[in-house]
Amino acid sequence: MKPKNSATIAVRAGIESDSQYHAVVPPIYLTSTYGFSQLGEVPQYDYSRSGNPTRNTLAEALSDLEGGAGAVVTNCGTSAMNLLVSALLGPDDLLIAPHDCYGGTYRLFDTRAQKGDFQVLFIDQTDPQAVAEALAKKPTLLWIETPSNPLLRVVDVKQLSQQAQAVDALVAVDNTFLSPIFQLPLSLGADFVVHSTTKYLNGHSDVLGGVVIAKTQAHAESLAWWGNCLGSTGGAFDSYLMLRGLRTLVPRMKMHESNALAIIAYLQTQRLVGTVYHPSLSSHAGHELAKIQQLGFGSMISFEFAGTNEQLTQFIQNLSCFSLAESLGGTESLIAHPASMTHRAMSDEAQLAAGISQSLLRLSVGLEDVNDLIEDLEYAFSSAQ
């Protein structure tokens, strides 16, 4: 019987698959090449760029978690995005993307469009008129990021997928912020799911990786061909680490979120905190939608610092449990200044259009004791005042 529960899928990925020595945990296949049993007969694995047992075990687990037909594991999240647009888009094809997406996503799409690889249009996907006008242009691919990075905006995946389908456009969803534990885009109508597995799926900030998961077998096979062609596939040892991290995904996600909700309640009491962005808040524009399409609210938090630049600097410098760093989803708590860090590749005009201010801070809430995290914030706010 093939397990269906996400916790079981994550924990049991590859367990007892070793047919030679019956090791409970699957071995790492660090080979670059494989022997042919005889001339003219191509084996299942011939070269690790095109196929590796360890990587394939991870790909199958991630595909099962998202409810897909197949997946390609890549060497980083950006590589996963690049693989998908390379496989689907040509010079005459239009890509519709959110104007408030991750800075690296914006940089990749914008730069490749400037080279003439495809066309891109960045829009506010929370604006129905903007969506309708964009889809009227007959795009090939609609890219969705929900909740968005860093403002946690939520858009309706099911509705957007139906609208895209009506104009024969494919839909891809970046599900990095929530993981398949808190959101399942393929079940909502998307054709592809993309993750930076560097983040929550691995969860330990010690390896880079990405994945593209396809709803159909045909798309999965096409992506596998392109992954081999472009050389974007991930390594065996990285895949082993991802599998190890994946086994604790469910309890980690639950604790991440629990800590985040406590911190949100604390932030709302602080004089130096302006707007707090998180879908769990009833004041959040996407709160009701998040309750419907998400299985959890997640643990990424953004907020406006309601003080001077000097106070903001003082606040960050006095944190000890929150490291000033990019990335997210690890066991450790991080704080980032999107305008100068994760989204610095965007122009000032693009940041302004997306709503990214110089006072915006983003928290990736880790697995430390939540009382220590709140005390750390309290000390930093007090020092800033």
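Guide: What follows starts with the strands and then turns to loops, charged pairs and the surface. The model is predicted.

Strand β6 has a partner in β5, which takes in residues 170–174. The two strands run parallel and are joined by three bridges.

Val-193 of the pair Val-193 and Ile-213 stands opposite Ile-213 in β7.

Strand β7 itself is mostly covered, with five of its five residues buried. Gly-210, Val-212 and Ala-214 point one way, and Val-211 and Ile-213 point the other way. Strand β7 also pairs with β1, which holds residues 70–74. That pairing is antiparallel and has five bridges. Within the pairing, Thr-74 stands opposite Gly-210 in β7.

Another strand to look at is β2, where Leu-95 has its place. Leu-95 counts as buried because its relative accessible area is 0%, and buried means under 20%. The C-alpha atoms of Leu-95 and Ala-134 are separated by 9.6 Å, and the two residues are 39 apart along the chain.

Next come the loops, beginning with the loop between β4 and α6. Pro-147 is found in this loop, and the peptide bond leading from Thr-146 to Pro-147 is cis, with omega near -10°. Pro-150 has its place in the loop between β4 and α6 too. A cis peptide bond joins Asn-149 and Pro-150, with omega about 15°. For comparison, most peptide bonds are trans.

Arg-153 forms a salt bridge with Asp-100, and the closest N and O atoms are 3.0 Å apart. This pair links distant parts of the chain, since Arg-153 is in the loop between β4 (141–145) and α6 (157–166), Asp-100 is in the loop between β2 (94–98) and α4 (103–114), and the two are 53 residues apart. Arg-153 is partly exposed, with a relative accessible area of 25%. Asp-100, at 6% relative accessibility, counts as buried. As a general point, side chains of opposite charge can pair when their charged atoms come close.

The model has five salt bridges by the rule applied here. Among them is the one between Arg-112 and Asp-117, with an N to O distance of 3.0 Å. Arg-112 counts as buried at 18% relative accessibility, whereas Asp-117 counts as partly exposed at 23%. Another joins Glu-16 to Arg-12, with the closest N and O atoms 3.7 Å apart. Glu-16 is exposed, with a relative accessible area of 57%, and Arg-12 is partly exposed, with 44%.

Two residues have a backbone angle to note. Phi of Lys-138 is near 60°, a positive value in a residue other than glycine. Lys-138 is found in the loop between α5 (128–135) and β4, and counts as exposed at 55% relative accessibility. Phi of Ser-179 is near 65°, again a positive value in a residue other than glycine. Ser-179 lies in helix α7, residues 179–182, and is buried, with a relative accessible area of 1%. In general, most residues other than glycine have a negative phi.

The surface comes last. A patch of negative charge gathers there from Asp-369, Asp-372, Glu-375 and Glu-378. Of these, Glu-375 has its place in helix α14, which spans residues 370–384. Glu-375 counts as exposed because its relative accessibility is 56%, and exposed means over 50%.

Definitions and conventions:
Residues are numbered from 1 along each chain as its sequence is written. This is a predicted model: local features need pLDDT of at least 70, side-chain atom pairs count only at pLDDT 80 or more; totals for chains, interfaces and linings use all residues. Side-chain values use heavy atoms; hydrogens and water are left out. Patches are made of residues with over 30% relative accessible area and no salt bridge: like charges are joined within 9 Å, nonpolar side chains (Val, Leu, Ile, Met, Phe, Trp, Tyr) within 5 Å. Accessible areas come from the Shrake-Rupley method with a 1.4 Å probe; for residues, only the protein chains shown count as cover. A salt bridge is a side-chain nitrogen of Lys or Arg within 4 Å of a carboxyl oxygen of Asp or Glu. Lys and Arg count as positive and Asp and Glu as negative; His and the chain ends are not counted. The place of a charge is taken as NZ of Lys, CZ of Arg, CG of Asp or CD of Glu. Helices (H or I, at least four residues) and strands (E, at least two) are DSSP runs, numbered from the N terminus. Buried means under 20% relative accessible area, exposed over 50%, partly exposed in between (1.4 Å probe, protein chains only). Two strands pair if DSSP finds at least two bridges between them.
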